[in-house]
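Here are my notes on this model, written as numbered points. Please read them with the structure open.

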Amino acid sequence: MLQLKNIGLLSTYNSTTGSFENIKNCNIDIENDIIIDIGENNNNGDHMIDCNQKLVTPGFVDAHTHPVFKNGREKEFIQRISGKSYEEIAAKGGGINSSIEEVRESTEIELLDHVKKRMDEFLSMGTTTIEAKTGYGLDTESELKSLRVLDHVHNNHKIDIFPTFLGAHSIPDEFNGDSNAYVDLLCNEMIPAVSEQGIAKFCDVFCEEGYFDLKESRKILKTAIEYDLVPRIHADEFSNIGGSKLASEVKAISADHLMEISDEDIELLSNSDTIAILLPGTTFFLGKEKYAPARKLIDRGVHIAIASDFNPGSCHIKSMPFIIGLSCIYLGLSVKEALKATTWSAACAINEEERIGSIELGKKADLIIWDLDTIEQIPYNITSPPIRNVIKNGDPLISLD
Ligand code: NIG
Ligand code: FE
């Protein structure tokens, strides 16, 4: 048994009471990968970690990432700081489509190497579970290859990965001007093959002007549902073409981005079980001003989660503490709300709230031991809040010997 002893403050959402809780001066006992006791200071356990009266929180769950690509696109970053917009750069041959060729040409081993390194960084910053999308292959073979890479990393890396098929990320150049043919390929060949392969849990669509329109997005997600993939959707990111309406129509598990969501659509989401995943890193990284209306969403009763959107184009940010900082500064969230949104609510957004996302008896021991005293010090130290150790599946990242 592993014991985390001498915890100064344990901060977590509690799913039984439905509120955020702070427990002072306690221990956590862990058997294998499960939390079996949270209690008073008592010394037992074959292995002990002294938390020196510091803060312990759940590990972060990042419910929206795009990590299966080869090289970064820093050239676009330079173009943007010289005044070009994401949309202009994409229209001139940059954007998602410029990452496709490299993924198609890469071997599985090459891609694995890139994805593994990225996961090392996520884990070192406290992300213990991640949703990860494909979407830089955009043909059947390369999308299946991307999913195999995610599965391999999931099985051989401490981090847990929940894969999403995002073949509908963009219309690849060979289908330029014939989006119908690509949607047919997605529905008739790619989704059935992905379902047969059995790795992806979710299917996502980039429902956006210049990518997949409402009708195409609906067709893709309805086909995905027939093949037992859970739908989620990139909605209302640059324009509102009905993405979040579609999310509530198809009962998507999440509607993500939502910078351009309307009041009417907020109403629809509030009457649905769809979780709004907000991605403030994207607005920030693109140098834009318009953030998703987080307060309005919360006030109308929409369940929100916060994620990184890590990808090579619009948001090259992995750090969840930094994203929490942005959520407090630009989305108007309290630190407790931001912490709940990146742990418990994010676990709900990947259907894993029974196992992860909070520190409760019977849950997986995915924890962060901070060199901090309070949760407020996380966004206050926005670029580098010190982490003493990350416990994943009951196993310390920094070994005890
Ligand atoms: O979530 N919106 C679509 N996909 C990403 C951007 C991906 C890229 O630029 O490579 C996003 O912002
Ligand atoms: Fe995204």
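1. Helices (H or I, at least four residues) and strands (E, at least two) are DSSP runs, numbered from the N terminus. The model is predicted.

2. Ser239. Ser239 sits in the loop between strand 10 (230-235) and helix 8 (243-249). Is Ser239 buried or exposed? The cut-off for buried is under 20% relative accessible area. Ser239 has 13%, so it counts as buried. Its side chain makes a polar contact of 2.6 Å with the side chain of Glu208.

3. Ligand shell. How many residues surround ligand 1? There are 16, and the closest are Tyr86, Tyr136, His169, Glu237 and Ser314. Sorted by class, the shell holds 5 nonpolar, 8 polar and 3 charged residues. The largest cavity is the space taken by ligand 1.

4. Polar pairs at the ligand. Glu237 places an N or O atom of its side chain 2.8 Å from a nitrogen atom of ligand 1. Asp309 has a polar side-chain atom 2.9 Å from an oxygen atom of ligand 1. For His66, a polar side-chain atom lies 3.3 Å from an oxygen atom of the ligand. On its own, ligand 1 has 320 Å² of accessible area, and the protein covers 100% of it.

5. Asp309. This ligand contact deserves a look at its backbone too. Asp309 is found in the loop between strand 13 (304-306) and helix 12. Its phi is positive, about 65°, although Asp309 is not a glycine. Asp309 has a relative accessible area of 1%, so it is buried.

6. Leu258. Leu258 lies in the loop between strand 11 (254-257) and helix 9 (263-270). Leu258 counts as buried because its relative accessibility is 0%.

7. Helix 12, burial. This helix spans residues 320-330. How many of the 11 residues in helix 12 are buried? The count is 8, and the helix is mostly covered. The buried residues are Met320, Pro321, Phe322, Ile323, Ile324, Gly325, Leu326 and Ser327.

8. Helix 12, ends. What caps the N-terminal end of helix 12? Ser319 does: a side-chain oxygen lies 3.0 Å from the backbone nitrogen of Phe322. Just after the helix, Gly332 takes a positive phi of about 75°.

9. Gly325. Gly325 belongs to helix 12. Gly325 is buried because its relative accessible area is 1%.

10. Asp273. Where does Asp273 lie? Its place is the loop between helix 9 and strand 12 (275-278). The cut-off for exposed is over 50%. Asp273 has 79% relative accessibility, so it counts as exposed. The C-alpha atoms of Asp273 and Val302 are separated by 8.4 Å, with the residues 29 apart along the chain.

Notes. Residues numbered from 1 in each chain as written. Chains lettered and ligands numbered in written order. Predicted model: local features only at pLDDT ≥ 70, side-chain atom pairs only at ≥ 80, totals over all residues. Heavy atoms only, no water. Near = heavy atom within 4 Å. Polar contact = N/O pair within 3.5 Å; in protein donor to acceptor, adjacent residues only side chain to side chain. Areas by Shrake-Rupley, 256 points an atom, 1.4 Å probe, with all protein chains shown as cover. 1 Å grid on protein atoms, 1.4 Å probe; cavity = no way out; pocket = protein on both sides within 12 Å on 5 of 7 lines; lining within 4 Å. Sits in = over half its atoms within 2 Å of the grid points. Nonpolar A, V, L, I, M, F, W, Y, C, P; charged D, E, K, R; others polar. Buried < 20%, exposed > 50% of the residue type's maximum accessible area, 1.4 Å probe, protein only.
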